[in-house]
Amino acid sequence: MNQLVSIIMPVYNNADYLESSISSVINQTYPNWELIVVDDCSSDSSSEIVMRFASVDDRIHLYRTPACSGSPIVPRNLGIEKSKGRYISFLDSDDVWLPSKLQHQLDCFAKHSEAFLVFSDFEKVSQTGTRNNRVLSMPMKVGYRKLLEGNVIGCLTAIYDAEKIGKCFFPSCGHEDYALWLSLLRHGGEAVNTGYVDALYRVRKASISSNKFVTMRWQWFIYRRVESLNLYLSLFYFVKYAYHAIRKSWI
């Protein structure tokens, strides 16, 4: 398989971590990719760092949002619009891929011809990048009903086949990645896990998603407004979500 993979990376004032994220893409064992970095009007040196990489690697492209959106949704969706690859994947500018990530996932697509979404296990690292074996091992397959219990698909590991399902964009809501995965699985099919730890997720205290009360509100909104579940089902899945969220926080 030698299909082009489009990698979407939103960035906003992330100069401290951006080089390691971009380098982790360059170091992939699978070479046929394009990295689309979308700068959301950063005021630091993020754009200059991207341009330095792009000047020596023509697989790297920089775009800018017309105005600061304050959310990864707008830059991610702009990146999807600009993408040319059959496969579309995502990496935030403070996270890191391990070298075989793309190869493992493309092998998984080849093995599971019915799959249109593939993901991987990942490891939490400290804000400084220190590893301590905090691995999140996810189910090997997940369908819509199972996914309602909580998000097991880390955005930094997700990749979908745009040839099978078209270009799919993030909705405008909190937990936008989770809402997108639900929309992809709502009408049937399963997402498949490679079974490998393929990425490092940087835990940052300043992250919006680190506020558990905010994420709980987002989760409830998705159940009631996005997925239009009735009150009983929303409560049923919310309890399961809370249980899994507590377990994940212990890792």
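C41 is partly exposed, with a relative accessible area of 32%, where buried means under 20% relative accessible area, exposed means over 50%, and partly exposed lies in between (1.4 Å probe, protein chains only). The structure is a predicted model, in which local features need pLDDT of at least 70, side-chain atom pairs count only at pLDDT 80 or more, and totals for chains, interfaces and linings use all residues. Residues are numbered from 1 along each chain as its sequence is written, and side-chain values use heavy atoms, with hydrogens and water left out.

C41 is found in the loop between β2 (33-39) and α2; helices (H or I, at least four residues) and strands (E, at least two) are DSSP runs, numbered from the N terminus. C41 has a positive phi although it is not a glycine, and N13 likewise has a positive phi in a residue other than glycine. The table sets these two residues beside each other.

| Residue | Loop | Phi | Relative accessible area |
|---|---|---|---|
| C41 | between β2 (33-39) and α2 | about 60° | 32% |

The axes of helix α1 (residues 15-26) and helix α2 (residues 46-54) come within 9 Å and cross at roughly 25°, the axes being lines fitted to C-alpha atoms over the stretch in contact, with angles from 0 to 180 degrees between N-to-C directions. That angle makes α1 roughly parallel to α2, because angles under 35 degrees count as roughly parallel, over 145 as roughly antiparallel, 65 to 115 as roughly perpendicular and the rest as oblique. On the side of α1, the contact (heavy atoms within 4.5 Å) is made by A15, L18, E19, I22, S23 and I26, and on the side of α2 by S46, I49, V50, R52 and F53. An α-helix has 3.6 residues a turn, so residues three or four places apart point the same way.

Helix α8 (residues 212-226) has 15 residues and reaches 20 Å from its first C-alpha to its last, close to the 21 Å expected, a span given by 1.5 Å times one less than the number of residues. Its buried residues are V214, T215, Q219, I222 and Y223, and these pack against α7 (176-185) and α9. Just after α8, S228 takes a positive phi of about 55°.

In helix α9 (residues 231-250) lies I246, which counts as partly exposed at 45% relative accessibility. I246 and V152 are 94 residues apart in sequence and 13 Å apart in space, C-alpha to C-alpha.
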